[in-house]
Amino acid sequence: MRSYSWRGLLATSLGLFAAGTNAQTGAISDLGSLLAGQKNLTTFYALIQKYPDILLQLPSYDGVTILAPSNEAFNKIPYSSLNDAFKNNDKDTITNVLEYHILQGTRLAKSLVPGTPTFIPTLLTSPEWNNVTGGQRVANVKQAGDVVVFVSGQGSRSTLTQADLAFTGGVVQIIDSLLIPPTNLTTTTTAFNLTSFQGALYAADRLPLDSTTQNATFFAPWNEAFQTLGPAISSMTSDEIAQVMDYHLVPQVIYSTNLTNGTQYLTAQGEKLTVRHSGNNVYINSAQLLQADILIANGVIHVIDNVLNPQGPSAQPNPTIASQAPAFASASSVNNLPFTSDIPCTTACPVTSQAGTSGVGAKTTRTSTSVSTSKSKGLGAAVARETGFHAAGLMVALGGAVMLL
C-alpha cells in the first residue's frame, strides 16, 4: 500500500517545486501545480498557502480527496465575517474547517452509484469539533442527471462542479459551496425545529450528557408527535420522561443505509427498536421515518413522526394509512408545543415562575408570561453550552454561511 508524504505535499502545494503535468508523458500534477492552474480556485489556493499547517498536521494516507470550494463559494460568505477570522489569525477554526474538506481515501465521482448515499470520513478529528470515531463524516450522493451532492452540517448542500482532478497525492473535486462542520445536538435540533424533542431532553436531564455521548444515533420525533401525545407525556415525571427519551437513543452511529428491514438496535433505555420497510417507507417500530441522516458533531439524527414507547417495543405500523396512531394509549392532542419551556433561555427571556411537587422523580413545571413556539434557524442561535464544540469560532470563520449556502 502506497503512503504519501504530507511534507512533500506541503512543499508542492506551496510551489517550492512544481512538476506540472507533462503533456508528452501524461504525468500527474502535484497539488501545487494543479491548484495554481485552476483559475476558479485562487481563493482556496491562497488559503492553503496562508495556513499551511493544514498539511503539516496530517498523517499519511493512501490518497485523499480534497473538496475545494470555488471562488464563487467563498463569495457566498459575508466578507466582514471572514475578514474578522483572518484578522484575528484564528488558525484553529480555519484549520479545522479545512480538514473537514479533506476526505480519507481517493473518491472518484465516476465511481458513485446513483441514489445510494455514502458517508465519508474526513480529516476533521479534533475532539473540540468531532465526537465520531474515525473522523467527522460528509454525506455524498449522486442524484438524477449525474448531479453529485455533498451534504454537511445543518443540512448544507454543496454541488460538484468539476470532478476527478488527479494529483500525485489523490484527487480534487471542485464544489460550489463551503462544507459546514456538523454542530452539536442542541444547535442542530434548534435549526431543524425539533424544539419539543430538545425540550424533552432537558426535562429528562439528558442534556448535556446526550450531546457529549460519542457515536450516537437519535430518532427525533417532530413537534407534531409531542403535540399529539399532550399530557400523556408532558405530565410524566422527569424519570419517566428520561426512560422515553433514552429509548430514542442508540449508542452507535447508524446511517440510513444501515436501516435495513427487520434490523433491531439496542437503545440506551435497554429495550430494542425494530426497523421495518413497506414499499418505499421506512418505520422505526410504528413511527415513520420522515428525514434521515442529519449529521451532528457526535453522530446522526433521523426525524420520525411519532414518539416511541419503550413499554410497547413490538408496536408495528399500518402501512395502509398515511398517519400512524400514537404509541401511547392515553394520548390527547394539544395546540401548544410540549417541553419548549424547558429549553434554557438565552435572549429576550420572559419572566418565569416555577411550580412543582417535591420528592424523588417529581417533575418541575414552568409557566411563562409569554409563549413562543418558533426558534431561529441561524447557525449561532441557541449555541449549546454543554459541549466543547467551537460553534463561536465557526461563526467567525463562516459568518452567515448556513443561511446563504
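This is a predicted model: local features need pLDDT of at least 70, side-chain atom pairs count only at pLDDT 80 or more; totals for chains, interfaces and linings use all residues.
## Overall make-up

The protein chain has 405 residues, and 52% of them count as buried. Its secondary structure comes to 15 helices and 16 strands.

The accessible surface of the chain is about 17500 Å². Carbon and sulfur atoms account for 51% of that surface.

## Helix α9

Helix α9 covers residues 195-203. Eight of its nine residues are buried, so the helix is largely enclosed by the rest of the structure. The buried residues are Thr-195, Ser-196, Phe-197, Gln-198, Gly-199, Ala-200, Leu-201 and Ala-203.

What do the buried residues of α9 pack against? Four helices are involved: α8 (185-191), α10 (209-212), α11 (223-229) and α13 (238-246). The strand β8 (216-221) is also a partner. After α9 comes Asp-205, whose phi is positive, near 60°.

## Helix α13

In α13, the buried residues are Ser-238, Ile-241, Ala-242, Val-244, Met-245 and Asp-246. They pack against α9, α12 (231-234) and β9 (249-250).

## Ser-70 in its loop

Ser-70 sits in the loop between β1 (64-69) and α5 (71-75). Is Ser-70 buried or exposed? Its relative accessible area is 5%. Buried means under 20%, so Ser-70 is buried.

Which residues does Ser-70 touch, leaving aside those up to four places away in sequence? They are Asn-40, Leu-41, Ile-174, Ile-175 and Asp-176.

## The cavity

Rolling a probe the size of a water molecule over the atoms shows where empty space is left. A search of the whole structure finds one cavity of 30 Å³ or more. The largest cavity holds about 40 Å³ of space.

Its lining is made by Leu-31, Leu-35, Phe-44, Ile-48, Leu-55, Ile-66 and Ile-102. Helices α2 (31-36) and α3 (42-50) each supply at least two of the lining residues.

How values were computed: Residues are numbered from 1 along each chain as its sequence is written. Side-chain values use heavy atoms; hydrogens and water are left out. Buried means under 20% relative accessible area, exposed over 50%, partly exposed in between (1.4 Å probe, protein chains only). Contact means heavy atoms within 4.5 Å. Accessible areas come from the Shrake-Rupley method with a 1.4 Å probe; for residues, only the protein chains shown count as cover. On a 1 Å grid over the protein atoms alone, a cavity is a set of points where a 1.4 Å probe fits but cannot get out, and a pocket is an open set with protein on both sides within 12 Å along at least five of seven lines; lining residues have an atom within 4 Å of a point. Grid points are joined across faces, edges and corners, and a volume is the space filled by probe spheres set on the points.
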